[in-house]
Amino acid sequence: ARPERAYGEAVDAHTRAVRLAEPAVAAKRLVVRRAAKHTMIKAHLGVAEDIAWGDWQRKETIVPQWLDKAERLAGEWSKQGELPQDARLTIFRRAAGCFVGLQGAGNPAAWAERLQAFAAGPIADPQADPTLRRHRQWECGLGLYDCLQAFHARGDVADALRCGESAVELLAAGREGRDPLPTDAYMFGRLYFRIGSIYAVKRQDHTKAVEWFDRAAPLLER
């Protein structure tokens, strides 16, 4: 995260984390196993992000391999009761961010589907704790916003709009009762502007575009 990005050093650090945590996954003490498993997941996601945003060859092939491994491990450990269900939601959201880094080189469709399914499943459960439900809505919304950006970079207009409008709904629901951050207005402004720009440039629907620009402008000016 330093100003001069050093993605090669980051990959080295994350892969060392994988090697160090892997033996502890089978530790006898539950607290040690859980810590190791959380570290393994975060390190796999870290490698995927380092490669997605860095200058690497064949990254559109390598990044999904690390993401798939993280999801497989999280699914296996969640079934064992040693990771929460939301560990997979974290993977879905960060995977979508990786495809923004790939700048159109990869297809985020599978991760968009997973986020949509999570939104239609655990989030829609009327028995879910309201605070947890809003957290999940927020996280799904952030992931679908990234999918919007990734699809837009690929020129997939219909998928970009579908994800963007779902993101707006989920983020609006997830922000209820949440202490706003100073960056929230900027994020919503960028989201609305991105949707408006797709309507203007790709769909030539300027009436619809202006509706989104009118929503974006005061937030960006703030």
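How many of the 16 residues of α4 are buried? The answer is 12, so α4 is mostly covered. This is a predicted model, and the close-ups below look at it piece by piece.

**View 1. Helix α4 is mostly covered.**
Helix α4 runs over residues 86-101. It has 16 residues. From first C-alpha to last, α4 reaches 23 Å. That is close to the 22 Å expected at 1.5 Å a residue. Its buried residues include Leu89, Ile91, Phe92, Phe99 and Val100. Asp86, Cys98 and Gly101 are also among them.

**View 2. Helix α5 has its buried residues on one face.**
Which residues of α5 are buried? They are Trp111, Ala112, Leu115, Phe118 and Ala119. Seen down the axis of α5, these residues fall within an arc of 125 degrees, so they line one face of the helix. An α-helix has 3.6 residues a turn, so residues three or four places apart point the same way. On the other side of α5, Glu113 and Ala120 are exposed. The buried residues of α5 pack against α3, α4, α6 and α7.

**View 3. Arg33, Lys37 and Glu82 are linked in a network of salt bridges.**
Start with Glu82 and Arg33, which form a salt bridge. Their closest N and O atoms are 2.7 Å apart. Glu82 lies in the loop between α3 and α4, while Arg33 lies in helix α2, so the pair ties together parts that are 49 residues apart in sequence. Both Glu82 and Arg33 are buried. Now turn to Lys37, which also forms a salt bridge with Glu82. Here the closest N and O atoms are 2.5 Å apart. This pair links distant parts of the chain too: Lys37 is in helix α2, and Glu82 is 45 residues away in the loop between α3 and α4. Lys37 is buried, like Glu82. A search of the whole structure finds 12 salt bridges.

**View 4. Asp159 and Arg162 form a salt bridge within helix α7.**
The closest N and O atoms of this pair are 3.0 Å apart. How many residues apart are Asp159 and Arg162 in helix α7? They are three residues apart, about one turn of the helix. Asp159 is partly exposed, with a relative accessible area of 27%. Arg162 is also partly exposed, at 38%.

**View 5. Tyr186, Phe193 and Leu220 make a nonpolar surface patch.**
The patch has an area of about 310 Å². Tyr186 sits in helix α8, which covers residues 184-202. Ser197 is in helix α8 as well. Is Ser197 buried or exposed? Its relative accessible area is 15%, which is under the 20% cut-off, so Ser197 counts as buried. Leaving out residues up to four places away in sequence, Ser197 touches His152, Lys202 and Phe213.

**View 6. Arg58 and Gln204 have positive phi angles.**
Arg58 is found in the loop between α2 and α3. Its phi is positive, about 55 degrees, although Arg58 is not a glycine. Arg58 is exposed, at 55% relative accessibility. Gln204 is in the loop between α8 and α9. Gln204 is not a glycine, yet its phi is also positive, at about 55 degrees. At 54% relative accessibility, Gln204 counts as exposed.

**View 7. Pro218 lies in helix α9.**
Helix α9 covers residues 206-221. Is Pro218 buried, partly exposed or exposed? With 44% relative accessibility, Pro218 counts as partly exposed. Where is Gln65 relative to Pro218? The two are 153 residues apart in sequence. In space they are 41 Å apart, C-alpha to C-alpha.

Methods. Residues numbered from 1 in each chain as written. Predicted model: local features only at pLDDT ≥ 70, side-chain atom pairs only at ≥ 80, totals over all residues. Heavy atoms only, no water. Salt bridge = Lys/Arg side-chain N within 4 Å of Asp/Glu carboxyl O. Helix = DSSP H or I, 4+ residues; strand = E, 2+ residues; numbered from the N terminus. Buried < 20%, exposed > 50% of the residue type's maximum accessible area, 1.4 Å probe, protein only. Patch = residues over 30% accessible without salt bridge, like charges linked within 9 Å, V, L, I, M, F, W, Y side chains within 5 Å. Areas by Shrake-Rupley, 256 points an atom, 1.4 Å probe, with all protein chains shown as cover. Expected span 1.5 Å × (residues − 1). Arc of directions from axis to C-beta. Contact = heavy atoms within 4.5 Å.
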